[in-house]
Amino acid sequence: MLAKDPPLSADPVGDFLIGLAGGSLVSAIESALESVASSVESVVSSATPDAAESVIGPKEGSAGGPGAGKRFSDSTKDAARDDTCVFCGQTTNREPGPSQSQIDHAIPKSRGGNNMIDNAQNTCRTCNLRKGALTTLEFLEKMASQPF
Ligand SMILES: [Zn+2]
């Protein structure tokens with residue numbers, strides 16, 4: 001009479017690996033999990049300031065006063081300059097082209113928008129051209145009804 005087969009291990013491969021590597025495999029897995037957890041934490045914590053920065057725009061704008069209808073000064077442009085378009089979120093750069101960073105008048109100069117920082121926002125050239133003489137609020141409505 002044959003002896004009954006010994007019960008199969010629930011996880012023979014795992015048993016084998018643990019047997020092979022001893023406790024070091026378990027600690028390797030644990031440290032790998034810890035490093036995943038800590039990298040997730042670092043992603044979350046590094047994302048927080050970025051998210052706060054991206055709240056910079058779009059701006060409602062500012063009109064009137066002595067700076068009404070005027071171009072931005074270089075220092076105002078520098079202060080408003082960012083690497084993300086406030087409208088489409090695309091990365092902007094300083095190279096001529098559709099992603100070129102442009103400092104937009106939230107309320108256009110032609111409509112009394114002034115040259116204060118409250119009226120200055122970083123956009124890509126594509127959005128700035130599309131916005132034209134619209135205010136930020138008008139352009140947001142246009143984007144909602146006529147997406148790219
Ligand atoms: Zn854009």
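How many helices and how many strands does the protein have? The protein has five helices and two strands, where helices (H or I, at least four residues) and strands (E, at least two) are DSSP runs numbered from the N terminus. The model is a predicted one, in which local features need pLDDT of at least 70, side-chain atom pairs count only at pLDDT 80 or more, and totals for chains, interfaces and linings use all residues. Residues are numbered from 1 along each chain as its sequence is written.

**Confidence**
- The average pLDDT (the predictor's confidence in each residue, from 0 to 100) is 81 for the protein, and 62% of the residues score at least 70.
- Over residues 42–54, pLDDT stays under 50. For this stretch the model has one contact beyond four places in sequence, two residues being in contact if their C-beta atoms, placed from the backbone, lie within 7 Å.

**Overall arrangement**
- Read from the N terminus, the order of elements is α-α-α-β-β-α-α.
- Among contacts in the protein with a separation of 6 or more, 70% are accounted for by residues 24 or more positions apart.
- The protein has 148 residues, of which 21% count as buried. A residue is buried if 20 or more other C-beta atoms lie within 10 Å of its own, exposed if 12 or fewer, and partly exposed in between, with C-beta atoms placed from the backbone.

**The strands**
- β1 (101–105) and β2 (120–124) run antiparallel and are joined by five bridges; strands pair if DSSP finds at least two bridges between them.
- Gln 102 stands opposite Thr 123 in β2.
- Four of the five residues of β1 are buried, and the strand is thus mostly covered.

**The nonpolar core**
- The largest nonpolar core consists of five residues: Cys 85, Val 86, Phe 87, Cys 124 and Cys 127. Such a core is a set of buried Ala, Val, Leu, Ile, Met, Phe, Trp, Tyr and Cys residues joined through C-beta atoms within 7 Å.
- Beyond residues up to four places away in sequence, Cys 127 touches Cys 85, Phe 87 and Cys 88.

**Two loop residues**
- Ile 117 lies in the loop between β1 and β2 and is partly exposed, because 16 other C-beta atoms are within 10 Å.
- Apart from neighbours within four places in sequence, Ile 117 is in contact with Thr 76, Ala 79 and Ala 80.
- Ile 117 and Phe 72 are 45 residues apart along the chain, and their C-alpha atoms are separated by 8.3 Å.
- Pro 96, in the loop between α3 (74–80) and β1, is exposed because 8 other C-beta atoms are within 10 Å.
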